[in-house]
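Me: I would like to learn how to read the contacts between two chains. Could we go through them step by step?

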Amino acid sequence: MHPSPHRTAVVAVAALTLAAPAAAQHDGHAPPVRDSSVRVAPVVWYVGATPVLTHATPTAGGRKLTEGYVAHPVAMLHAATPRGALSLQAMLNAEGLTLRRGELATGVFGEGYVDRRHPHAYLHEIVLTGATRAAGVHLSASAGRGFAPFGSDDPLVRPFTKFPVNHHHAQLLERLVAIGAVRVGAFTGEVGTFNGDEPLGPGAEPRWRRFGDSWATRLTWRPARAIAGLGALEVSGSFAAVRSPEDPDRVIGLDQRKWHAGARIERPTRVGALYALAEWARTTELDEGRPVFEYRSVLGEAALCGRRLHAALRLERTDRHEATRLEDLFRIPVPHDDVSIIGMTRWFTATMRLGTAPWSAGMLRATPFVEGSIASPQDLIPRAAFQSHGFYGSRQLWLLSTGIRLGVGAPHARMGRYGAATAPAGSHAGTHGGC
Amino acid sequence: MHRPLRAPLLLSCFALAAVACGDDGPGDPGSRDENPCASVATGGGGLGIVGCGEIRDRYTAELFVRGSTAYTTTWGQRSAGTQLQRGNAIYVWDVAGDAPQLVDSVIVAAGATTLGDVAVSDDGRWLVVAAEPGPLSLLVYDLANPREPVEVGRWNGGSGGHTAEIATIDGRLHAFVAVNSAITARPRLAIVDLGTPSQPREIHSRPLPATIVHDTHYRDGLLFLNLWDEGLTIVDVGGGGLGGTPAAPVDIGRVATVGGNAHNAWWFHDPQTNAKKYVFVGEEQAGAVPVTSGGDVHVVDISNPAQPREVAFYSVPGAGTHNFSVDEARGVLYAAYYNGGVRAIDVRGDLGTCTPAQKAPDGRCDLAKMGRELAVGLDGTVGVPGFDPPYVWGVHFAGGHVYASDMVNGLWKLRAAQR
């Protein structure tokens with residue numbers, strides 16, 4: 001018998017309920033680097049959600065749509081023994097209830113959704129980590145359901161509400177993972193194995209028998225002291241070999257080879273905390289070991305979080321495959337019926353976000369925002385069945401959103417690393433790029 | 001329910017057939033005001049163009065020809081101007097003349113975005129069509145009037161019928177349906193009794209724990225399953241001597257073809273020699289529709305059906321094969337080759353014996369090096385003046401002509417290859 005993820009979720013919810021609120025404070029300033037593995041780590045929890053109203057014009061099928069949802073309804077928990085020898089990181093996500101049809105996000109794709117972001121798994125993350133240190137070498141071993149050691153932070157903890165197009169090129173998440181990490185000085189190395197299959201739905205179990213069929217590794221460099229002008233710098237490179245992510249039973253699904261390189265900085269400025277990320281990613285799909293399709297992504301984003309206002313900008317160029325859509329034009333068959341694609345598009349997207357500094361009312365923090373983006377897809381395969389202009393009816397695709405990020409407690413500052421691979425405390429400005 | 005559209009509504013472009021075509025080059029789908037089919041016929045020998053019936057508002061899929069009537073299905077979605085047209089149409093053609101004439105169409109109003117395989121029963125009475133994405137998987141039409149199909153039955157297989165072959169066994173019509181996988185269901189082969197076409201009845205389900213069945217081929221009591229990377233499996237459903245029936249098939253043998261991705265098959269009966277030695281297996285590799293493709297034709301020797309073995313292959317650089325039709329009297333295999341057009345291959349005689357120079361490193365004979373390629377038509381890399389480059393899904397040899405369903409342009413009538 002395999003443990004039910006629903007049962008595990010119940011246990012995690014109970015833990016969240018019983019945990020004492022001990023919110024960590026993020027002041028947006030980068031203090032001297034400390035060693036997170038020896039600090040006293042209390043139980044830290046967070047519950048939050050982002051009601052959002054989005055207008056897309058046009059989107060799939062040339063339609064103009066206005067929709068409202070509760071995005072990112074999450075509960076997070078981080079608990080650790082006093083010296084951090086054992087720690088638990090968990091996150092529940094209720095988008096399966098609030099975003100069943102997906103969130104309007106023209107250009108975004110994954111897990112059977114296109115031009116809508118798919119709802120994430122109810123049990124987004126639950127990872128237990130054991131860590132130790134000897135002679136300046138930090139070691140950790142992690143296991144559970146969560147992030148493979150690949151790519152950049154989950155967009156959930158970055159400044160924007162709308163996910164970037166490259167989410168499935170630059171992160172590998174909601175997998176059964178076993179990860180070893182070692183940190184020596186400024187360098188961190190991680191190696192992990194996991195199941196290649198993406199979730200088939202918010203409540204779907206992973207294919208347990210596929211655990212270990214995929215692997216990833218990441219090398220990260222964090223200078224011990226802030227570099228002049230760059231603040232806290234983090235540079236990483238990673239690789240992943242993923243078996244049949246879109247066909248859980250590996251019947252005809254294509255395998256993937258993924259590469260990622262990224263640089264991330266955070267530094268205080270006179271007007272507030274500055275966060276920036278630049279990343280490059282490449283995904284190659286293979287059929288019987290032969291490369292058949294390749295997708296690339298370049299993304300840059302930055303946020304400046306002042307005492308009164310927050311501003312963020314994201315520029316992205318990401319390739320996307322196109323598949324035959326179902327009667328619901330925002331969906332494609334999963335698993336696919338065939339190995340061919342009907343086109344490939346390159347998405348040029350610019351997203352801007354403006355928000356206020358959080359308003360506080362007791363434990364509740366509220367951050368109103370507006371977010372707008374313009375996307376322009378370019379067809380990479382002339383004469384392919386999918387031609388973006390015909391499908392969308394325009395070359396400029398707009399999204400305008402407004403909402404309010406609500407939360408109680410302290411969210412995970414970053415997501416995607418565990419144990420010795422986590423950024424030392426103080427080397428980051430906090431969740432959402434410090435905004 | 002289906003909604004028949006009368007021919008005049010869809011034949012406006014063909015009314016221009018008497019008007020000489022200008023050299024207007026490729027145009028936007030649905031935007032033509034002239035019919036280039038009127039002047040497209042070419043001279044010459046094998047696989048020269050006799051005529052065409054243009055469809056540019058939907059992607060054309062499979063075809064079937066019986067007598068002077070042809071049926072084509074449609075696939076996916078296609079942008080036609082500002083309209084997005086689904087692959088939910090069956091077109092009915094009069095192919096008696098040089099240029100196929102569209103005479104009727106049937107629209108599956110709900111439940112289908114792709115209609116794949118289409119076939120007419122041996123007695124000409126029933127038209128059977130596969131449907132995706134599910135749950136609707138199979139449609140049955142009464143052909144009391146072959147030019148006006150009337151829907152009489154539907155079968156829901158769960159997640160859509162990717163392909164559906166039909167055969168009359170012991171006097172009853174059966175369909176062999178490749179049912180897609182889904183989040184909650186594994187792919188499977190379903191055998192459906194269509195003895196009462198209005199009430200399709202599933203009589204067998206073969207679960208496929210580690211592969212899919214992409215297509216099937218039935219002949220003389222044997223069923224050939226194309227099980228993708230597991231290759232070709234031969235099954236006794238009444239003619240294999242192992243006691244198999246459609247309701248209780250019995251496996252005979254299996255061979256994994258080189259490259260995997262076993263997609264379709266044809267068991268060749270040579271009337272000159274009475275040989276029933278070879279099965280041709282199509283391999284479909286990944287491509288971008290309707291531009292690129294990949295995959296070879298594989299020749300499997302089933303002299304011992306319990307131990308079939310691959311002995312030869314045919315490959316076209318830069319293109320991949322799809323469905324087959326064979327002119328058995330002349331020993332010519334016609335292979336749809338997507339952007340490679342239509343390939344006519346001489347398949348008479350011993351295909352597994354060749355000179356060292358004609359062999360691949362793995363010992364298989366290369367039919368191209370053996371000089372067995374007879375003719376090429378509709379080659380997408382060459383193109384047809386006035387048309388977008390063809391991308392051929394299916395072929396059907398009938399009445400001395402070769403018919404080709406071109407996803408991009410519609411239905412073509414070609415001259416047969418000369419030996």
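Reply: A polar contact is a pair of N or O atoms within 3.5 Å; within protein, one must be able to donate a hydrogen and the other to accept it, and residues adjacent in sequence count only if both atoms are side-chain atoms. This is a predicted model, in which local features need pLDDT of at least 70 and side-chain atom pairs count only at pLDDT 80 or more, while totals for chains, interfaces and linings use all residues. Residues are numbered from 1 along each chain as its sequence is written, chains are lettered from A in the order in which they are written, and side-chain values use heavy atoms, with hydrogens and water left out.

Me: How many residue pairs are in polar contact between chain B and chain A?

Reply: Between chain B and chain A, 11 residue pairs are in polar contact, both residues being at pLDDT 80 or more. On the side of chain B that touches chain A, 17 residues are nonpolar (Ala, Val, Leu, Ile, Met, Phe, Trp, Tyr, Cys and Pro), 14 polar (the others, Gly among them) and six charged (Asp, Glu, Lys and Arg).

Me: Which side chains meet in a salt bridge?

Reply: A salt bridge requires a side-chain nitrogen of Lys or Arg within 4 Å of a carboxyl oxygen of Asp or Glu. The rule finds one across this interface, and Asp249(A) meets Arg186(B) in a salt bridge at 3.0 Å, N to O.

Me: How many residues does each chain bring to the contact?

Reply: With contact meaning heavy atoms within 4.5 Å, chain B brings 37 residues and chain A brings 30.
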